[in-house]
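Dear colleague,

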Amino acid sequence: MTWVEFAFPACPACSRSWAVSRHRDCPAKGRGAGDEGGLDVDPDQSRVRCTGCRRTWGVWETRFHCACGRRFEAHEVEGAVREIIRVAALLARVLAQQAQDLAEIRRAGEASFRTWTSRFTVAVARTLGAMAGRLVGSLLRALY
């Protein structure tokens with residue numbers, strides 16, 4: 001389940017659209033929760049989630065309230081909503097792939113670092129071993 005921002009589709013009356021949608025009259029608004037009802041969509045489940053109050057609902061149950069005053073249902077702009085879901089699914093796949101790539105780079109880096117640390121430790125141990133041996137030998141000769 002991947003949530004990405006739910007774009008506001010073009011209004012049938014004024015044709016304006018926005019990159020994000022907001023949860024109208026979100027119960028979390030004004031509570032200082034840090035978020036005031038941005039909407040995310042899970043393209044695989046066709047679910048919408050409010051980032052403020054965490055309420056979820058089906059994409060096709062969504063009502064949009066445009067700044068021009070027009071209120072419209074998701075099914076009235078079905079083509080635009082389907083395109084938003086398609087783009088969100090593509091974005092979710094890209095983000096998942098990027099996260100997987102970063103994890104692989106991190107694992108490769110950690111393995112490389114462990115190998116380097118091991119080689120460094122062996123080299124230092126060899127150097128310090130000889131030095132420590134001479135130091136201990138010197139101390140023993142001085143004491144006895």
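A residue is called buried under 20% relative accessible area, exposed over 50%, and partly exposed in between, with a 1.4 Å probe and protein chains only. Please note that this is a predicted model, in which local features need pLDDT of at least 70 and side-chain atom pairs count only at pLDDT 80 or more, while totals for chains, interfaces and linings use all residues. Residues are numbered from 1 along each chain as its sequence is written, and side-chain values use heavy atoms, with hydrogens and water left out.

The sheet

Helices (H or I, at least four residues) and strands (E, at least two) are DSSP runs numbered from the N terminus, and two strands pair if DSSP finds at least two bridges between them. Four strands make up an open sheet with antiparallel pairing, in the order S1-S2-S3-S4. S1 and S4 are at the edges with a single partner strand each, so one side of each has no neighbour in the sheet.

Four bridges connect S2 with strand S3 (residues 47-50) in the antiparallel sense. Among the facing residues, Leu39 is opposite Cys50 in S3, and Asp42 has Arg47 in S3 as its bridge partner. The two strands form a hairpin with four residues between them, and Ser46 in the turn has a positive phi of about 55°.

S3 and S4 also run antiparallel, joined by three bridges; Arg49 is opposite Thr56 in S4. Their hairpin has five residues between the strands, and Arg54 there takes a positive phi near 70°.

The aromatic rings

A pair of aromatic rings is described by the distance of the centres and the angle of the planes. Rings of Phe, Tyr and Trp (its six-membered ring) pair if their centres lie within 6.5 Å; planes under 30 degrees apart count as stacked, over 60 as edge-to-face and the rest as tilted. Six aromatic pairs are found in a search of the whole structure. One of them is the edge-to-face pair of Phe8 and Trp18, at 4.9 Å centre to centre and with 75° between the planes. Phe8 and Trp18 both lie in the loop between S1 and S2, so this pair ties together parts that are 10 residues apart in sequence. Phe8 is buried at 8% relative accessibility, whereas Trp18 is partly exposed at 35% relative accessible area.

Phe8 also pairs with Phe64: the ring centres are 5.4 Å apart and the planes are at 85°, so this pair is edge-to-face. Phe64 is in strand S5 and Phe8 in the loop between S1 and S2, so the pair ties together parts that are 56 residues apart in sequence. Both Phe8 and Phe64 are buried. One aromatic cluster consists of Phe6, Phe8, Trp18, Phe64 and Phe72.

Two buried loop residues

Thr62 is placed in the loop between strand S4 (56-58) and strand S5 (63-65), and is buried at 3% relative accessibility. A polar atom of the Thr62 side chain lies 2.8 Å from the backbone oxygen of Val59. Not counting residues up to four places away in sequence, Thr62 is in contact (heavy atoms within 4.5 Å) with Phe6, Val48, Trp57, Phe72, Glu73 and Ala74.

His23 is in the loop between strand S1 (4-5) and strand S2 (39-42), and is buried with a relative accessible area of 13%. With the same exclusion of residues up to four places away in sequence, His23 touches Gly37, Leu39, Cys50, Cys53, Arg55 and Trp57.

Yours sincerely

Methods: Polar contact = N/O pair within 3.5 Å; in protein donor to acceptor, adjacent residues only side chain to side chain.
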